[in-house]
Amino acid sequence: MIVEASTREAFGKALVELGRLNSDIVVLDADLSPSTMTSFFAHDFPDRFFNCGIQEQNMIGIAAGLAASGKTVFASTFAIFASCRCFDQLRLCLSQPGLNVKVVATHGGITVGEDGRSHHAVEDLALYCALPGFTVIVPADAVEATEAIRTVASTYGPFYVRLSRAKTPLVYPENYSFTLARAVVMRRGGDATIIASGIMVAKALDAADSLARQDIDCRVINMHTLKPLDKAAIVKAASETGAIVVAEEHLAQGGLGSRVAQAAAKEKPVPMEFVNLGDSYASSGTAEQLLERAGLTTRGIERAVKTALGRK
Amino acid sequence: MPDHNEVSPKSASISSKLNLSTAELKEMARRLRRHVITMITTAGSGHPGGSLSAADIVAALYFRVLRHDPGNPQWQDRDRFILSKGHAAPILYAALAEAGYFPVAELATLRKLDSRLQGHAEAGLTPGVEMSSGSLGMGLSFAIGVALAARLDSRICRTYALLSDGECEEGQTWEAALSAAHLKLDSLTAIVDCNGMQLSGWTRDIMNLEPFVRKWQAFGWHTIDIDGHDLNQILSALQKAKKTKGRPSVIVARTIKGKGVSFMENNVTFHGKAPTQVEAERALKELE
């Protein structure tokens with residue numbers, strides 16, 4: 001039986017715990033706190049929570065001012081609004097001065113589903129990875145989300161953390177320890193490597209299980225930190241397995257696939273395949289339907305691995 | 001009249017240079033304008049018009065009103081000055097140098113490679129600069145964050161944000177206007193340098209902002225409409241803002257773009273163009 005849990009709920013609970021430990025933590029939201037689950041923090045620490053209303057640009061500016069005055073600021077909204085709606089503010093107010101603001105966005109990717117393409121955050125990772133000084137994290141499950149939020153709170157600088165709406169399968173035990181910018185080898189293997197992030201990590205593990213039954217021995221890497229990227233893990237995987245598949249819930253450009261390819265191309269070029277959303281938007285539908293149509297599935301990853309192996 | 005003798009205990013150590021008389025402030029504003037002309041001419045590029053229009057406001061703040069310590073730019077209880085109209089960086093640099101944050105000689109490095117005086121000001125690079133600016137409409141939001149932090153920490157410092165009228169065309173300015181009033185941030189004062197012009201012409205022709213004061217009133221702000229070149233009016237307005245409780249104040253300062261240099265006044269050409277050497281000499285003569 002697969003146990004599932006919500007990354008955004010993990011975030012909401014972690015914030016409360018951190019709020020107790022550190023009175024300098026201030027949380028901002030843009031009218032979405034019941035959904036982003038910053039509502040837990042708002043309930044326990046009403047004086048340190050500000051609902052900025054439907055004003056993402058203003059929220060980022062306020063976050064910058066608080067951080068410049070010594071606060072550790074968490075700012076939350078949906079991933080689509082946290083990236084596209086306030087990019088200029090992220091650039092000038094957070095990235096350039098390097099301020100201590102943690103943008104933690106929920107409802108990342110297409111698994112928002114029924115709300116449709118306007119709500120599908122599929123460019124956010126490209127945008128945030130483009131900003132100098134930002135650290136960009138996509139946790140694979142609720143356990144990792146909790147650990148990542150703790151790390152983010154205690155590490156100075158601007159961060160982007162992308163979480164999901166839906167509950168996702170747990171891939172880690174409770175005692176998992178998160179290390180920033182250090183990729184996690186989830187499964188050893190020598191024939192090919194699947195590098196995944198977020199919800200695609202569980203699917204990559206399933207794909208590797210299936211491929212093992214076909215005598216294909218896959219390494220699976222959870223690249224939870226997109227920036228700074230663990231290039232050593234990529235080069236090692238390329239050298240030792242000779243083929244790489246990158247799986248992510250994002251458009252083809254600028255996300256994990258682009259970043260892994262850039263690292264591999266420089267140090268150790270090998271055949272690579274990419275499982276992502278290509279260059280088009282999805283539509284309304286259930287999360288499962290949309291993932292299926294886009295090929296962001298266990299079967300999709302398996303096919304990609306076989307294609308990459310064929311090019312070895 | 002403003003009570004410029006009112007010295008808070010914490011500012012007692014700050015030199016009398018930061019508590020000038022009104023006559024001295026007038027002289028300081030003239031000096032700052034001279035710096036602006038020299039800096040931008042030396043740099044060969046920049047925005048003289050919007051720096052000259054703000055000179056009297058900036059002089060009043062840095063040399064009378066703000067509680068600050070140039071020897072300790074990170075003093076936690078300092079009043080904050082947020083320059084939202086980032087293209088007016090030269091007037092800020094001139095004030096910071098005259099106040100003692102860095103040597104006046106450094107003003108000659110404006111816009112040069114490796115200078116601390118970037119074309120638009122950068123936080124963390126230049127002593128005394130609180131916020132990076134250069135994309136318009138963001139300063140008031142930042143100032144809200146600064147004022148909120150002070151409130152959370154029970155610090156009594158005040159926050160001042162200097163905006164241009166042109167940048168009030170940016171929607172974010174009005175997001176911030178809404179939220180500052182909602183949060184009842186009476187420690188926040190916005191000053192709008194209303195010189196009536198923007199890069200491509202008169203603001204009233206490009207995107208009319210009037211009735212400007214009534215807009216701020218409708219957003220819940222205490223408004224003070226003044227002549228932004230009359231130091232007595234500026235000081236009095238800042239004092240009224242300080243005494244206003246329960247809501248933020250905005251000083252709508254009616255100014256003249258390029259003020260102090262006859263051929264730059266109300267001349268949109270000098271929004272973003274450096275004077276030639278000959279023009280600079282004429283300008284400096286007028287500012288003697």
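Colleague: How many residues of chain B are in contact with chain A?

Modeller: 23 residues of chain B are in contact with 22 residues of chain A, where contact means that the C-beta atoms, placed from the backbone, lie within 7 Å. This is a predicted model: local features need pLDDT of at least 70 and side-chain atom pairs count only at pLDDT 80 or more, while totals for chains, interfaces and linings use all residues. Residues are numbered from 1 along each chain as its sequence is written, and chains are lettered from A and ligands numbered from 1 in the order in which they are written.

Colleague: Which elements give two or more residues to that side of chain B?

Modeller: Those are α5 (139-152) and α6 (171-182) of chain B. The largest share, 10 residues, comes from α5(B). Helices (H or I, at least four residues) and strands (E, at least two) are DSSP runs, numbered from the N terminus.

Colleague: And how do the residues on that side divide?

Modeller: Into 12 nonpolar, eight polar and three charged. Ala, Val, Leu, Ile, Met, Phe, Trp, Tyr, Cys and Pro count as nonpolar, Asp, Glu, Lys and Arg as charged, and the others, Gly among them, as polar.

Colleague: Switching to chain A. How many helices and strands?

Modeller: Chain A has 13 helices and 14 strands. Its radius of gyration, taken over C-alpha atoms, is 19 Å, close to the 20 Å of the globule rule for 312 residues, so chain A is as compact as a globular protein of that length. The rule is 2.2 Å times the number of residues to the power 0.38.

Colleague: In what order do the strands of the seven-strand sheet come?

Modeller: β3-β2-β4-β5-β7-β6-β12 of chain A, an open sheet with mixed pairing. Two strands pair if DSSP finds at least two bridges between them.

Colleague: Which ones stand at the edges?

Modeller: β3 (49-51) and β12 (225-227) of chain A; each has a single partner strand, so one side of each is left without a neighbour in the sheet. Further in, β5 (residues 101-106) and β7 (residues 159-162) of chain A run parallel, joined by four bridges. A:Lys102 has A:Phe159 as its bridge partner in β7(A).

Colleague: What about the five-strand sheet, what order there?

Modeller: β9-β11-β10-β13-β14 of chain A, also open and mixed. In this sheet four bridges join β10(A) to β13(A), and the two run parallel. A:Ala196 stands opposite A:Ala247 in β13(A).

Colleague: Which strands does α13(A) touch?

Modeller: α13(A) packs on the sheet against β10, β11, β13 and β14 of chain A, and its direction makes about 165° with that of β14(A). Axes are lines fitted to C-alpha atoms, for helices over the stretch in contact, and angles run from 0 to 180 degrees between N-to-C directions.

Colleague: Then α9(A): which residues are buried?

Modeller: Among them are A:Met200, A:Val201, A:Leu205 and A:Leu211. Buried means 20 or more other C-beta atoms within 10 Å of the residue's own, exposed 12 or fewer, and partly exposed in between, with C-beta atoms placed from the backbone. What covers the buried residues of α9(A) includes β8 (167-169) and α13 (298-310) of chain A.

Colleague: Last one, where is A:Gln262?

Modeller: A:Gln262 is in helix α11 (residues 256-267) of chain A. A:Gln262 counts as partly exposed because there are 13 C-beta neighbours inside 10 Å.

Notes: Contact = placed C-beta atoms within 7 Å.
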